[in-house]
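Below is a briefing on one protein chain, grouped by topic. Please read it alongside the sequence and the structure.

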Amino acid sequence: PRPSPSRALSSPAAASTLPTTFPVRHDWTPEQIGAIYHSPFLSLVYTAATAHRTHFDPSQVQKCTLLSIKTGGCPEDCKYCAQSARYPTPVEAEPLLQLEPVLASARAAKASGSTRFCMGAAWKGAAQVGPRQFQRVLDMVSEVRALGLEVCATLGAVDEAQAARLKAAGLTAYNHNIDTSKDFYPKIISTRTFDSRLATLAAVRAAGISVCSGGILGLGESHTDRISMLHTLSTLPSHPESVPVNALVPNEGTPLENAERVPVWDMVRMIATARIIMPRSMVRLSAGRVALSLTEQALCFMAGANSIFTGDKLLTTPNNELDDDSKMFEMLGLEGKPPFFGADVEEEVVRPAEEGVEEELVAAKRSSVAASA
């Protein structure tokens, strides 16, 4: 069953567990994360907003565009996915796109303000397809990068050798969501293990590619599962550069087609907790945003979300209209975040400072952000 509403979770005493400084750390315990997650809603959002302002310019939101370069026919049995060949969904299997349509989409994305272009293929992994198809994807990566865009790919499982080739082609980031907790994972997917997902993340990290990994709310998981998923992400050797927070969009024909909508309070609570425990990661308000009002999206941004997908479709599911997003940015005083083409993403680990030094550190970081904007 779906978790109970977030308002039933918190107690006033839990507010004392919220941190007041926001260093990057990898030693979080499930109990510590749970205490943050279950803290009073307004105190949680305020703390997350403070963490956000410590490490980022809160007026900047990254705009990403996601294109399905190989749609449908996936051999996996993910219960939420319309692209699985195992379920009677309306999505038809299509071949890998040719280079020019991909570049046309990338140019259009850049013209609309996106700085990251993401390409998704409904594959179990790169090893599933022949070397020619993988080479075509490598060519897409190089050509899109040449347009001045960050390039992300999600192609299923990859090993270190494949990740190294993607890195050499110019890939900025690789998305591979862990989806949910390790305990709940087998109830959603049986064709791939949770540990295999972690192995792909390790291969991507080893190649020097930024890791993009998050999960999905609304699969039937418990609050404990959500906390466990956050614990897995926040205790990786390096925090993911991007953490997508998705709300399930029920797809016709899938086992979860009748799942209930995720309450916005649950989305905000998840975003805020992710922002506090992974303070230098981009927290992406991803699938399900189309169901949120402008006010609800504003609350997500206040809680620390600083990345969205733009464009009318996320792989096979609908997304917000570009005009609506433009109006929202204007209303909320937001602007697009410039692209980043650093070498390997290095995390700045902020040590607990002596009294008075923490404030100086925060002021210096804000000055640095302002200078680079």
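In this predicted model, glutamate 221 and arginine 226 meet through their side chains in a salt bridge, at 2.8 Å from N to O. Both partners are buried: glutamate 221 and arginine 226.

**Salt bridges**

- The whole structure contains 12 salt bridges.
- Side chains of opposite charge can pair when their charged atoms come close.
- Aspartate 325 and arginine 289 form a salt bridge through their side chains, with an N to O distance of 2.8 Å. This pair ties together distant parts of the chain, its two members being 36 residues apart. Aspartate 325 is in helix α10, while arginine 289 is in the loop between β8 (282–285) and α9 (294–302).
- Aspartate 325 has a relative accessibility of 5%, so it counts as buried. Arginine 289, at 1% relative accessibility, also counts as buried.
- Glu76, Lys124 and Arg192 belong to one network, joined by salt bridges that share partners.
- Glutamate 100 pairs with arginine 107 in a salt bridge whose closest N and O atoms are 3.1 Å apart. Glutamate 100 is partly exposed, at 45% relative accessible area. Arginine 107 is partly exposed too, at 40%.

**Cysteines**

- The model has 0 disulfides. Cysteine 64 takes part in none, and the nearest cysteine sulfur, belonging to cysteine 118, lies 5.1 Å away.

**Histidine 176**

- Histidine 176 sits in the loop between β4 (173–175) and α6 (194–206).
- With a relative accessible area of 4%, histidine 176 is buried.
- Its contacts, leaving aside neighbours within four places in sequence, are Gly156, Ala157, Arg192, Arg197, Thr200, Leu201, Cys212 and Ser213.
- One of these contacts, Arg192, is also a member of the salt-bridge network with Glu76 and Lys124.

- Helix α10 covers residues 322–332 and includes leucine 332. Phenylalanine 329 lies in helix α10 as well.
- Is phenylalanine 329 buried or exposed? Phenylalanine 329 is buried, with a relative accessible area of 5%.
- When residues up to four places away in sequence are not counted, phenylalanine 329 touches Val61, Lys63, Ile308, Leu334, Glu335 and Gly336.
- The C-alpha atoms of phenylalanine 329 and alanine 298 are 9.7 Å apart in space, and the two residues are 31 apart in sequence.
- Leucine 332 is partly exposed, at 32% relative accessible area. Together with Leu294 and Met331, Leu332 makes a nonpolar surface patch of about 270 Å².

**Chain as a whole**

- The protein chain has 11 helices and 12 strands.
- Of its 373 residues, 53% are buried.
- Among contacts with a separation of 6 or more, 77% are between residues 24 or more positions apart.
- The chain exposes about 15,800 Å², of which carbon and sulfur atoms supply 55%.

**Confidence**

- The average pLDDT of the protein chain is 87, and 84% of the residues score at least 70.
- Residues 4–8 have a pLDDT below 50; beyond near neighbours in sequence, this stretch makes 5 contacts in the model.
- Residues 343–373 also have a pLDDT below 50, and this stretch makes 30 contacts beyond near neighbours in sequence.

Key. Residues numbered from 1 in each chain as written. Predicted model: local features only at pLDDT ≥ 70, side-chain atom pairs only at ≥ 80, totals over all residues. Heavy atoms only, no water. Disulfide = S-S within 2.5 Å. Patch = residues over 30% accessible without salt bridge, like charges linked within 9 Å, V, L, I, M, F, W, Y side chains within 5 Å. Areas by Shrake-Rupley, 256 points an atom, 1.4 Å probe, with all protein chains shown as cover. Salt bridge = Lys/Arg side-chain N within 4 Å of Asp/Glu carboxyl O. Helix = DSSP H or I, 4+ residues; strand = E, 2+ residues; numbered from the N terminus. Buried < 20%, exposed > 50% of the residue type's maximum accessible area, 1.4 Å probe, protein only. pLDDT = per-residue confidence, 0-100. Contact = heavy atoms within 4.5 Å.
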